[in-house]
Amino acid sequence: GPDPGALSLEQLEKLRDYKIQTRIANEKYLRSHKEVELLLSGFYREMFLKRPENIREFAADYFTDPRLPNKIHTQLIKQKKEA
């Protein structure tokens, strides 16, 4: 017989719509918060340059660096001037 845990066509359609709306909302959020991209790209750049053995410790140190907010703020200002 049919799988009792399977989604109906209507449920699948609702799930697909929800996923699309979530993706759109996430994209809008990221576009309005440029600092997220700067945080992540800076982290990746440092990680690939230093190639740390302990990635968790490196990430914890990177994201708790007290200078990080000023770095990001400076980069945001620089981006706005270049735009």
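Glu46 has a relative accessibility of 23%, so this residue counts as partly exposed. The model is a predicted one. Glu46 forms a salt bridge with Lys50, and the closest N and O atoms of the pair are 2.9 Å apart. Both residues lie in helix H2, four residues apart, which is about one turn of the helix. Lys50 counts as exposed because its relative accessibility is 54%, and the cut-off for exposed is over 50%.

Lys14 pairs with Glu10, with 3.5 Å between the closest N and O atoms. These two residues are four apart in helix H1, so about one helical turn separates Lys14 and Glu10. Both Lys14 and Glu10 are exposed. Arg31 forms a salt bridge with Glu27, again with closest N and O atoms 3.5 Å apart. Arg31 and Glu27 are also four residues apart in helix H1, about one turn. Arg31 is exposed, with a relative accessible area of 56%, while Glu27, at 39%, is partly exposed.

Next comes the loop between helix H1 (9-32) and H2, where His33 is found. At 25% relative accessibility, His33 counts as partly exposed. His33 and Leu76 are 43 residues apart along the chain, and their C-alpha atoms are separated by 10 Å.

Helix H2 covers residues 34-50, 17 residues in total. From its first C-alpha to its last, helix H2 reaches 25 Å, close to the 24 Å expected at 1.5 Å a residue. Which residues of H2 are buried? They are Leu38, Gly42, Phe43 and Met47. Seen down the axis of H2, these buried residues fall within an arc of 155°, so they line one face of the helix. Helix H3 (55-63) and helix H4 (68-82) are included in what covers the buried residues of H2. Just after H2, Arg51 takes a positive phi of about 40°.

Terms used:
Residues numbered from 1 in each chain as written. Predicted model: local features only at pLDDT ≥ 70, side-chain atom pairs only at ≥ 80, totals over all residues. Heavy atoms only, no water. Expected span 1.5 Å × (residues − 1). Buried < 20%, exposed > 50% of the residue type's maximum accessible area, 1.4 Å probe, protein only. Arc of directions from axis to C-beta. Contact = heavy atoms within 4.5 Å. Salt bridge = Lys/Arg side-chain N within 4 Å of Asp/Glu carboxyl O.
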